[in-house]
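Dear colleague,

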Amino acid sequence: MAVSSFLRNMRQAGGLLVIALALAAPLQAQAQADRVTTFKDDKGWKLQVNGEDFYVKGVVWGYSPRGQNYTYNLWGESDDFIRKVLDYDFGLMKAAGVNAIRSFSEIPPEWVTYIYREHGIMTVINPLMGRYGYTIGGKWVPFVDYSDPLTRETLKRDMVEIVRKYKDVPGVLMFAFGNESNYGLSWSSFEIENLPEGEQNTAKARYLYSLFNEVIAAGKAVAPNHPFTIVNGDIQYIDLIAEYCKDMDVLGVNAYRGPSFTNLWAEVDRKLDLPVVFFEFGSDAFNARRFEEDQRSQALMLKDQWQEMYNKAYGNGEEGNSIGGFVFEWRDEWWKYLQIENLDKQDNNASWSNQGYLFDWAEGKNNMNEEWFGIAALGLPNSDGVYEARPRMAYDVLSEVWALDPYDASKAQINAMFASMDMALYELKGDVRQLKADNRESKRWLRLTGGDIRGEFALRGTEEEIRIDGEDAVEFSDGQMLFVDFGFQPTEELEGQFSLNILGNVADKRPLEFTYGDRGLPIVIDNATTEIQDVDVEPVIIADRERVEIYDFSANFRGKHADIEAFYHTPRFHWGYEGDFFGLVREATDISGMDVWNAKAPEGIEIQGKGAFEGLTLLGGPEVYWGANPKFVVKYDLDLGRVGLSLIHSEDVARLGQGAAATQATERQSRQTTIYAEAELFKDVKLELGGIMSATEKVDEIYTRLGPDGNIYKDEIKFEDTLGFKAKLTFPVFGAETYVSGHYAGLVADGGDPLKTFGVTDPSRLPYSGLGNKQEYEAGMMMHFGNLMIYPRLMYRDNFIHANPFIPPSIDPDGTLNPGLSPRDRDNDPFAVLGNREARSAEMFFTWDPTGATPFYDWDNEWREDAKFAFNFGGTYTEFPTPTDAYLFFYEPSGANASFGRGLPAEDVWALSSRLVFNPTQRSRYIFRLVRGFDQSTGNPDGGTRDYFELHGKALLNRRHLISGYFLKDAWGPYDFYRQFNLTYPEQYKLDYAYLLGSPGMLGSKMDEERATRIGIRGILRTTDENSPDEEYLDGLNDYLFLVVVYFTYRF
Amino acid sequence: MSHTYGTIIGPNRGRLLGTALLVALGVLVAGCQGEPGPNDGEVINTIVLPTDTLVNLACADVGIFTEQCVLEDPENPFVTVPIIEFDVNDPDATNKFELFSSIPAGRTGAKARYYFWATALARRASGENQFYTALALHELWNYNGDPIIQAQALKAYRSVLDNFFGSVTVFTCCESVRPPDDPRGPIPFPIGLNELTADNLYRTDATGYRRLVEGDPLLVLEVLLEWGYRYRPANPPDYTDGLVFVNTG
């Protein structure tokens, strides 16, 4: 015992020493930085590190766990966890003979050195240099214009800064810039557009390569001990590279030419006379023809490629310019296809075609499967929480290849080694590993993919109950819930997933919280007193309610002529960026919001045409977005040269039987047809035009109005009232992105949700409405001053017919009816003036965001924002000079809508808001949101306009402690119906503390916040007054109500 | 899904295309109408209520939940009239019963009452509106003897039982407990509409009209049985103890 204890202590001490040395490395870095050079003589080129020959045996490395995508940041995890990941991955790599990596993420210097010192593997520093967008002058530019002087200056300055940061870091092999940047010459400029079409990209490429050389020259002045290169897409523009990139030391290339690189060596030798390193090459391990994993084809492809590379290396009598390469890639990444969907399963979709890969190529079909390029598959997490790499056959083949040093072996020896490789043995090893993995995961027909177990204990009480009954009045309840997730793939073409939800007890937290699982709470059908007219009546309670339900489901079928997706309660996006100018198909991503009411939207089927049916989309189902009537939607997109056209027809086939979100009114069955055209007239000048024909079924329906002469009129809807038109022009003014739009809509020309500039996270409170009966004008200008954006917007709207006042009807004694007039509603009248009422609105928002790569208004900014400090501040002021008609709400007992009877009065409303994000360290984050406003309800006019304040906050400490909560004063309750019924509370408090237990490597994303393993406690307190719900205020008897919940969630 | 919009073309062509689209939009917008003109619509400051008792049913199920065709009946004087439902949160506010009570009593107001309640039912599906629609049809038949109206009245009563069995309507009482000058007003109490429906069918005193199921009152019980209900008739003197049961066997 004593000995083993001693050894354990020594091991721990040794480990600590290694860590200390590694972390102290940057302090000593200057003294230990490597000197990497190229060498050339008449036998060819070599790369040398500190004078020693170094043939690059590399892989492209990244760490993306299942369920994560490009947003995952390993470097934000704890040092301990990072070390576990690196030791696991690089241990396997080292065993195979890997000596260098290329990574898309910027590996912090201390970890570059750790990798080098611990595993002997060097790193290429590869800033992407604006390939996927860059912040220029404080503004995020998705398609970088390399001809723009400010862009060039910014990129050059930043790239040199990165070089300066890494130049003395031990373990740095070389500096490379871009990633196939020659394939991303997508920007447009007036000067270039005046060139003939065929020359436009060449002109852009000149700017690109001249900038590359400027950056390289400046970088070499800073870091003379390292080679500099670019990451080019194949050898496209090689003549321009020769012309412009005079200072480049090595040509870096991504090459996917199949088993041979063909004439690449000779071309580079002839035109550049530089050594070649491949930054990407290889093969996917999925056979798109057989539709199954194909380790053998991948391994054979890599074997052929490496054999050719070795033959082309120094001293073999050929070009001699091969200095190695980085196989793409180390391990599969499950986010590559679709990028934000299906992150916890490996997609089999091939997304591009390459005839060089004959083993699965077929005419007219894609064969490159982005999620299957790893020489190791993405496995399950090990006991440390590190996702395992399951080596494929290619790993074993390359291990033998990399065991040979091409500089130590003759050409004959090299080729003999390749000829003698026992591929059958390696295939068997790969198959065995795959079989074991399959056994663990039960792949194919039906497999368990995960789930979670949740438990909670709730204490609930009110001041009045406690006053009467003391502590006995505090109600205790407990709840348990199980989610089980399954994936299935019964055929090659069909795959999908579904989740089951199983309830145990259900904790009753209402009215403070409505949560998913409330379906299991008992329902009291009749709580009558014990006797009605001498007949005893017992309360009827249904206690044993739905305990098991399908929580969500989706399935995809890939056919020859169409892809079909069936969806049930899985998130879906709007079509606003795809020609749906009037917002007919609304976004349905608020799954947790739907869960509160156990709503199961979206539900339906989407069919996307292929081949001859390309551009055609059919969507249909019982509720294709939350609150939608059962409907089908047909959409057809076509290109007419520079003009894109979209035609959409939406037809309701029935009316939704139940209101969405508890009391949201259902809508009458209707139809819409729209046409949309988009054209870029000049650089950055875009014109969008759209027309709509809506609700033609309402033609001839009667409505009333009060004429300017004081008479009451009865009128009918005419065909013209169904038409609407909309135009939007986007153009630059002194560099500011500016837009003006006009929207004319007849009385019933209703569309759907208008699209805001920043989508669902747009802070705008302009009174957008999709309803008709209006002429509406809007303008905005997005101005950038460094990292500061100022965005003023204006809106003006008038109605053709205003809301009806209430004039009571009466009947004279002679039998004459004075019919009076009442506010319209959308059930009993063909139209009603609601959110579309006359408005004059102005707004201004200031946004400070120094890190444009994580845009402040992106939907996932809450998890991705990496600026030390970013914030916005702004406000909106709106005059509503006229009242509305009457809003409707869904009245559950009658199963139909009911009207509030009267409309909201004319009012001037305003709101100020600010959102602040602090990232003091990589592992801590604070987010606050403040709102001060003066606004009306969304339905009930009683109670008047509310003056309210909100403070919401969230703090993530050390990526383990999550604290969130709010303080609301005179604000509506947390669910939509509170505002609909104008129910507010003097004060509302919520505080939630959760300790995130893991799994390690899975923290710091939206998914984690919702589903990570955790234990926590939450408290909610509300005080009441006469504006609060009657059953909570109790005519002043009850001052407050509270809820305390202790909860845990275990995810597996 | 996303689509790309073709390749880049010269700015002149773009200008032409944009101009053409703008012109097309201008032409379309110019062809539309916005605010109503001075000659649009019909002035309806007053409407003379019908005084006859002949009713042409607008459709087969008019006056029966869920049919709303009465709102398209050109003879309906209440199509545009606000019929204000009782508001439990504001019980003193004007409601439909005030307008209803202004309709002339007796034969001359019977048709108007039918349209009033059928309109109320079409706008708000409630047991109360269905019950009073049935009662109005019952009254109409009492005056015109039209067998079509008789059948419609029976359908309307049955709809109360089928669709609104548990619904109630509210009456006020009782001077013995709270006198008329009590500032708190009369005492409201609910009565089940199923009882009232059966009572109206069974007992002529309940409505003052002829019995819809002509002949022996026991035939009413048979009709109710056919509909799936059993009725234990109310007893004098108050006739408040009638009970309607749903046949379960």
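This is a predicted model: local features need pLDDT of at least 70, side-chain atom pairs count only at pLDDT 80 or more; totals for chains, interfaces and linings use all residues.

I start with one helix of chain B. Helix H4 of chain B covers residues 127–144, and its 18 residues reach 26 Å from the first C-alpha to the last, close to the 26 Å expected at 1.5 Å a residue, where the expected span is 1.5 Å times one less than the number of residues. Of the 18 residues of H4(B), 16 are buried, so this helix is largely enclosed by the rest of the structure; a residue counts as buried if 20 or more other C-beta atoms, placed from the backbone, lie within 10 Å of its own.

Residues are numbered from 1 along each chain as its sequence is written, and chains are lettered from A and ligands numbered from 1 in the order in which they are written. Helices (H or I, at least four residues) and strands (E, at least two) are DSSP runs, numbered from the N terminus.

On confidence, chain A has a mean pLDDT (the predictor's confidence in each residue, from 0 to 100) of 89, and 92% of its residues reach 70 or more. Over residues 1–11 of chain A the pLDDT is below 50, and this stretch has zero contacts in the model beyond near neighbours in sequence, a contact being two residues whose C-beta atoms, placed from the backbone, lie within 7 Å.

Chain A also holds an open sheet of three strands in the order E1-E2-E3, with antiparallel pairing; two strands pair if DSSP finds at least two bridges between them. Its edge strands are E1 (36–41) and E3 (52–53), each of which pairs on one side only. Strand E2 (residues 44–49) of chain A pairs with E3(A) over two bridges, and Val49(A) stands opposite Glu52(A).

Further along chain A, strand E37 (residues 774–785) is joined to E38(A) by nine bridges, and the two run antiparallel, with Gly780(A) opposite Arg793(A). Their hairpin has two residues between the strands, and Gly786(A) takes a positive phi near 65° there. E38(A) also pairs with strand E41 (residues 839–848) of chain A, in the antiparallel sense over 10 bridges.

With kind regards

Key:
A residue is buried if 20 or more other C-beta atoms lie within 10 Å of its own, exposed if 12 or fewer, and partly exposed in between; C-beta atoms are placed from the backbone.
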